[in-house]
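Please look over the sequence and the structure below before reading on. The briefing after them goes from the whole chain to single residues.

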Amino acid sequence: MPLRTVAVVGLGTMGTGIAEVLARAGHEVIGIDVADAAARQAVAALAASTARAVRRGRITEQERREVLARFRVFADLSAAADADLVIEVVPEDYATKHEVFTALDAVVRPDTILATGTNALSVTRLAADSAHPERVLGLHFFNPAPAMKLVEVVSSVLTSPAAVASVTALARELGKEPVSVGDRPGFVADGLLFGYLNQAAAMYESKYATREDIDAAMRLGCGLPMGPLALLDLIGVDTARTVLEAMYAASRDRLHAPAPILGQLSEAGLTGRKAGRGFYTYQEPGSDVVVADAQTPRPPDAAEPGAGRPVNAVGVAGSGTMASGIAEVFATSGYQVVLTARSLAKAERAVARISGSLARSVSKGRLSEEAREAALARITAADSLDAFADVDLAVEAVAEDLAVKQRLFQVLDKVCKPGAVLATTTSSLPVISCARATSRPGDVIGMHFFNPAPAMKLVEVVRTVLTSDATHASVRAVCAAIRKHPVDCGDRAGFIVNALLFPYLNNAVKMVQEHYATPDDIDAAMKWGGGYPMGPFELLDVVGLDVSLAIEKVLHREFRDPGLAPAPLLEHLVAAGCLGRKTGRGFREYARA
């Protein structure tokens with residue numbers, strides 16, 4: 001059935017956005033809200049957004065007038081009598097939604113589709129309490145509705161296929177990407193997103209890292225459009241808590257049990273941007289401008305306690321992609337670099353790889369030929385760690401094997417001069433275990449670069465309980481010199497990025513394992529609904545399923561949380577040799593080179 005006239009019940013931010021999308025697509029839109037102020041604000045918002053569209057040349061003035069004429073507002077649900085579709089977006093409270101649906105049953109035609117915009121409450125329960133359960137479904141838009149492409153179409157066991165087909169066709173007509181899912185709290189996108197946000201809140205609450213470092217780590221390390229704590233403020237801390245409560249009630253997964261700080265902030269009225277304060281403080285309620293508060297860190301150029309040691313020469317141990325990338329970063333930043341591998345031939349191949357990378361930078365106009373030659377001249381290839389005798393900073397980038405790294409640090413302890421900083425690039429192993437392999441654990445620290453090192457701006461600076469202030473200050477200064485963004489974190493599994501990223505990836509695998517959604521639908525949901533640069537299954541296949549499984553095992557072993565146990569499906573794929581792109585098959589198949 002074509003859905004020409006659509007009623008939107010609830011003209012808050014989401015309802016107003018949905019109404020705008022529908023009206024601009026040519027639909028007659030009936031906006032309904034018991035609050036006169038909300039109705040007036042919705043009309044004003046549509047007038048303002050269409051005026052901006054005229055100024056930017058996207059629509060004509062005549063088209064703007066036509067859009068405004070298609071949007072009418074009312075205070076009573078009886079205005080929905082002639083609607084083909086009613087979309088309810090009132091607050092996330094079952095009693096309120098039930099009241100709306102009960103009233104609509106007495107107003108609309110028997111064939112009118114009733115859609116709820118909930119992302120946390122049971123669509124099935126709303127349908128079961130309706131006079132016509134077959135016409136009730138979920139239609140979950142994402143905020144801001146005019147910009148976000150994803151729409152989750154949620155069916156209960158009672159929903160008719162015809163109703164699903166009609167709203168799916170409507171979503172496509174609106175230029176959205178519809179994903180069909182079953183009824184469970186959070187659906188796909190929020191089901192994955194809110195567990196991750198909850199873990200970030202718990203990480204901050206434990207004082208493991210600052211709010212700024214957590215947010216910067218996920219933006220720069222994963223390419224996300226917003227950090228998790230800033231996103232919680234945008235969504236609303238109270239809203240996030242409500243969604244998580246519903247998810248935990250259904251899953252009993254401790255990862256979904258709301259972090260206590262979410263309840264504390266909610267009870268205090270510190271619900272995020274809308275209140276002017278949440279995890280951050282804002283210029284005023286509703287503003288997106290963050291202002292300094294008591295937790296704001298000192299400016300990056302402020303003097304750090306504990307004088308750092310000067311670093312002029314750097315040693316990089318390893319010959320793989322990461323070692324080559326790190327050596328390139330230091331050489332292009334003006335440092336003298338010694339790159340050592342198990343043989344001179346391997347070290348020279350690594351230098352050749354750097355030469356090729358720098359040549360590509362020259363061809364793209366990012367680097368001059370003179371700068372390329374100067375960087376290469378600063379790199380010396382060697383086949384023995386003895387070449388590190390005069391370096392001020394030694395960076396280990398060898399295989400992710402603790403025994404291998406410990407043996408290497410024992411050698412570094414002997415060959416490096418007193419006061420030299422000894423850094424490991426491990427992403428999952430305990431830095432303290434490397435430090436204890438030396439006689440100078442105060443000089444040992446983690447410098448977790450991200451791949452590809454020349455492009456990725458993030459470095460996780462990992463202090464152990466024995467790392468000295470001078471060592472820490474030296475590495476922070478080096479990060480600034482090589483134009484990287486350092487984030488401080490303690491020495492525990494996953495640090496910041498992997499500790500938040502891999503449980504999210506694992507939960508995506510569980511969704512497929514439970515036949516709730518397909519890898520394609522999940523990837524689409526996270527890209528279109530969350531703004532992620534890659535879906536979880538694209539990312540798993542790039543990282544390597546074996547690498548991902550190893551990291552998830554480390555996280556599970558460290559935190560002992562049942563929710564962190566690797567999904568059996570992931571273990572089965574790794575056992576079958578399906579490791580992702582590198583083997584030609586993971587969650588998808590790839591053409592072999």
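**Contacts, fold and size**

Among contacts in the protein chain (heavy atoms within 4.5 Å) between residues at least 6 apart in sequence, 69% join residues at least 24 apart. This is a predicted model, in which local features need pLDDT of at least 70 and side-chain atom pairs count only at pLDDT 80 or more, while totals for chains, interfaces and linings use all residues. Residues are numbered from 1 along each chain as its sequence is written, and side-chain values use heavy atoms, with hydrogens and water left out.

**Whole chain**

- The protein chain has 22 helices and 18 strands; these are DSSP runs numbered from the N terminus, with helices (H or I) of at least four residues and strands (E) of at least two.
- A compact globule of 593 residues would have a radius of gyration near 25 Å, and the 27 Å of the protein chain agrees with that. The radius of gyration is taken over C-alpha atoms, and the globule rule is 2.2 Å times the number of residues to the power 0.38.
- Along the principal axes, the C-alpha atoms of the protein chain fill a box of roughly 85 × 50 × 50 Å.

**Surface and charge**

- Of the 593 residues in the protein chain, 53% are buried. Buried means under 20% relative accessible area, exposed means over 50%, and partly exposed lies in between (1.4 Å probe, protein chains only).
- The protein chain exposes about 24800 Å², and carbon and sulfur atoms supply 54% of it. Accessible areas come from the Shrake-Rupley method with a 1.4 Å probe; for residues, only the protein chains shown count as cover.
- The protein chain has 61 positive and 67 negative charges, and their mean positions are 5 Å apart. Lys and Arg count as positive and Asp and Glu as negative, while His and the chain ends are not counted. The place of a charge is NZ of Lys, CZ of Arg, CG of Asp or CD of Glu.

**Cysteines**

- A search of the whole structure finds zero disulfides, a disulfide being a pair of cysteine sulfur atoms within 2.5 Å.
- For Cys 416, the nearest cysteine sulfur is that of Cys 434, 14 Å away. Cys 416 is buried, with a relative accessible area of 6%.
- Cys 479 is also in no disulfide, and the nearest cysteine sulfur, that of Cys 489, is 11 Å away. Cys 479 is buried, at 0% relative accessibility.

**Thr 16**

- Thr 16 is part of helix α1 (residues 13-24) and is buried, with a relative accessible area of 14%.
- Leaving aside residues up to four places away in sequence, Thr 16 touches Leu 11, Ala 42 and Ala 45.
- Thr 16 and Leu 139 are 123 residues apart in sequence, and their C-alpha atoms are 15 Å apart in space.

**Backbone exceptions**

- Most residues other than glycine have a negative phi, and most peptide bonds are trans.
- The peptide bond from Asn 143 to Pro 144 is cis, with omega near 0°; Pro 144 is in the loop between β6 (136-141) and β7 (150-155).
- Another cis peptide bond, with omega near -5°, runs from Asn 451 to Pro 452. Pro 452 is in the loop between β16 (444-449) and β17 (458-463).
- Lys 207 is not a glycine, yet has a positive phi of about 65°. Lys 207 lies in the loop between α7 (189-205) and α8 (211-222) and is exposed, at 73% relative accessibility.
- Arg 252 has a positive phi near 55°. Arg 252 is in the loop between α10 (237-251) and α11 (260-267) and is exposed, with a relative accessible area of 56%.
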